[in-house]
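Hi everyone, thanks for coming. Please have the model open as we go.

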Amino acid sequence: MRVVQEKLFAEKRDVRKLNIMKSPKRGGSCDVDSLPYLGELGVSIVENKRPIQFTPNINELIHRWAPYVQGFSASFVQSVLDRYSRDYEHPVIFDPFAGCGTVLVQAKLNGFKSLGVEINPLLHFLADTKLNCWDVSAEQLLKVCNSMPRNRRSQAPTFLKSSSHFSERVLRNLEIIKGGIESIKTGSDKCKRTNNLMKLAFASILVDCSKLKRTPCLGYWRSKRVHATAPFVLLNKKIHEIADDLRLIRSQYKDFIRIDSEITHENAMHFKPPHKFDLVITSPPYMNGLDYVMNYKIEMGWLGFAISHKELKKIKDDMVVCDNVSKGLIRDFQRTRTSYTNEWIEEIKSKIEKNIIRRGAYRRKDMPYIVHKYFDDLYRVMKNITPSLNHRGRFIMVIGDSLIADVYIPTDLLIAKMGLDLGLRIEQIERARDRRSGQIRSYKLRETVITLQRR
Ligand SMILES: C[S@@+](CC[C@H](N)C(=O)[O-])C[C@H]1O[C@@H](n2cnc3c(N)ncnc32)[C@H](O)[C@@H]1O
């Protein structure tokens, strides 16, 4: 049985290699393949390369509290705020895919009111803690950390392979910290917020304490060695980092501590904003992007945001779809009425379908419907929020395009087209970064900032 399976895998691998070698897209580029779509929209793409990704945030006030691979850089958000916020009297900012809250935190640091939505309970918690614990004093946090008991060990999450993720002694020390945090009193709101900061700090050291790394997917790092005391050392360092930032907030951002910054734990596809806003600054998951849930399963498990793989799957199924979603979800989508399609989507679907047949093997036969569901999901979100955008308000989205089964998908231009269908105007489409297709490395893709405006 095993031999047959291995032979099948090897054959599939060979077919895949052959398909890549024979691909008509080798050496190609999104620039050429976008031309007909750009012509139809009557727009062109402006060059404006800049660092958009989270990495530099590891040195930034508040943003550095919790690492998040898929986030924006604070400097990118600031550049958008600098460019547009003066167009509004009291700008209100909204992010329907808030992640770890980069947009909302940066808005608050500028004294702007903001609202966000995030479906992942861990990310919602991290963003909420980064936004709404500014009134905790550094001394209070350090006192709680220093007085945490070390004799209340609490078990690691049982559904995760914790004994593979961590060495035995590291694991024991993490369980001691977990027990200590669980025993902190949370009677008043302030105590709850202090406890949340402890939990956030704990979450943000877990991968560093493990035998794993994110590159950006979570995977084992064979040569990694972690000292048994790392959990205490790293937690202490993180808490001091947060305490330093709390002191700076008190001295330099005191007036903004009470600014209204709310993040809701909901599905943006069903969320109806409770008030109007001026600037949407956001980035949804990319179609062939990471598995956000599996990538953060360790933190989700240890903080109790998921107690089983079934729960993780449920969170993933409710998210905007990506190309490793469950087959059942796509079957259901095929059966139900879609809320959106257009001639570009239909053409792309039929080309993918034909190419999958021509190739003889493809990772997912239901790929045309995954692509369709992706745009259907995004349309739902855009449709919900467009009516709440003030007159002349802007919808700014960062997005990457894709190449699937030798078919180019101009995700940015499709979003722009959806915007037009919803009555928005295309103000600008900027190329922020060049990317490479994961399938055909020689094919050039892009990351774009799309700015749509309410008329
Ligand atoms: C690219 S990340 C956004 C990162 C964010 N800009 C930041 O700087 O932290 C996309 C986020 O959308 C969230 N998401 C996916 N589907 C969602 C949905 N249906 N409703 C709300 N959030 C969703 C994911 O959990 C993920 O955190």
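Let's start with a pair of side chains: Lys-417 and Glu-343 are joined by a polar contact of 3.1 Å. Do keep in mind that what you see is a predicted model. You'll find Lys-417 in helix H17, which covers residues 411-421. Is Lys-417 buried or exposed? Its relative accessible area is 11%, and the cut-off for buried is under 20%, so Lys-417 counts as buried.

Now to the ligand. How many residues surround the ligand? There are 26 of them, and the closest are Phe-72, Thr-102, Glu-118, Asn-267 and Ala-268. If we sort that shell by class, we get 15 nonpolar, 8 polar and 3 charged residues.

Let me go through some individual atom pairs here. A nitrogen atom of the ligand sits 2.8 Å from a backbone N or O atom of Ala-268, and Ala-268 was also in the list of closest residues. Ile-119 takes part through its backbone too: one of its polar backbone atoms is 3.3 Å from a nitrogen atom of the ligand. With Tyr-68 we move to a side chain, where an N or O atom is 2.9 Å from an oxygen atom of the ligand. And how much of the ligand does the protein cover? On its own the ligand has 610 Å² of accessible area, and the protein covers 99% of that.

Next, please turn to the second largest pocket. It holds about 260 Å³ of space. Its lining is made by 14 residues, and those nearest the centre are Met-269, Leu-329, Lys-373, Asp-377 and Arg-380. Which of them gives the most? That is H16, with 4 residues.

From pockets we go to cavities. The count comes to 2 cavities of 30 Å³ or more. The largest cavity has about 60 Å³ of space. Around it you can pick out Pro-285, Leu-290, Asp-291, Tyr-292 and Lys-316, among others, and also Val-325. This lining has 8 nonpolar residues and 2 charged ones, with no polar residues.

The second largest cavity has a volume of about 30 Å³. Among the residues that line it are Pro-96, Phe-97, Thr-282, Phe-395 and Met-397. Helix H16 comes back here: H16 and strand S8 (389-400) are the elements that give two or more residues to this lining, and H16 has the largest share, 4 residues. By class there are 8 nonpolar residues and 1 polar, with no charged residues.

Strand S8 has something else to show, namely Arg-392. Its phi is positive, about 70°, although Arg-392 is not a glycine. Arg-392 counts as partly exposed, because its relative accessibility is 49%.

Ile-62 also has a positive phi, near 65°, and again this is a residue other than glycine. Look for Ile-62 in the loop between strand S1 (46-47) and helix H3 (74-84). Where Arg-392 is partly exposed, Ile-62 is buried, with a relative accessible area of 0%.

While we are on backbone geometry, take a look at the bond between Thr-215 and Pro-216: it is a cis peptide bond, with omega about 0°. Pro-216 is in the loop between strand S4 (212-214) and strand S5 (218-220).

Cys-100 is in the loop between strand S2 (92-95) and helix H4 (102-109), and it is buried at a relative accessible area of 1%. Its C-alpha is 9.8 Å from that of Val-69, and the two are 31 residues apart in sequence.

The other one is Asp-135, in the loop between helix H5 (121-132) and helix H6 (138-146). Buried or exposed? Asp-135 is buried, with a relative accessible area of 9%. Along the chain, Asp-135 and Lys-190 are 55 residues apart, and their C-alpha atoms are separated by 8.1 Å.

That's my tour, and I'm happy to go back to any of these spots with you.

How values were computed: Residues numbered from 1 in each chain as written. Predicted model: local features only at pLDDT ≥ 70, side-chain atom pairs only at ≥ 80, totals over all residues. Heavy atoms only, no water. Near = heavy atom within 4 Å. Polar contact = N/O pair within 3.5 Å; in protein donor to acceptor, adjacent residues only side chain to side chain. Areas by Shrake-Rupley, 256 points an atom, 1.4 Å probe, with all protein chains shown as cover. Nonpolar A, V, L, I, M, F, W, Y, C, P; charged D, E, K, R; others polar. 1 Å grid on protein atoms, 1.4 Å probe; cavity = no way out; pocket = protein on both sides within 12 Å on 5 of 7 lines; lining within 4 Å. Points joined across faces, edges and corners; volume = space filled by probe spheres on them. Buried < 20%, exposed > 50% of the residue type's maximum accessible area, 1.4 Å probe, protein only.
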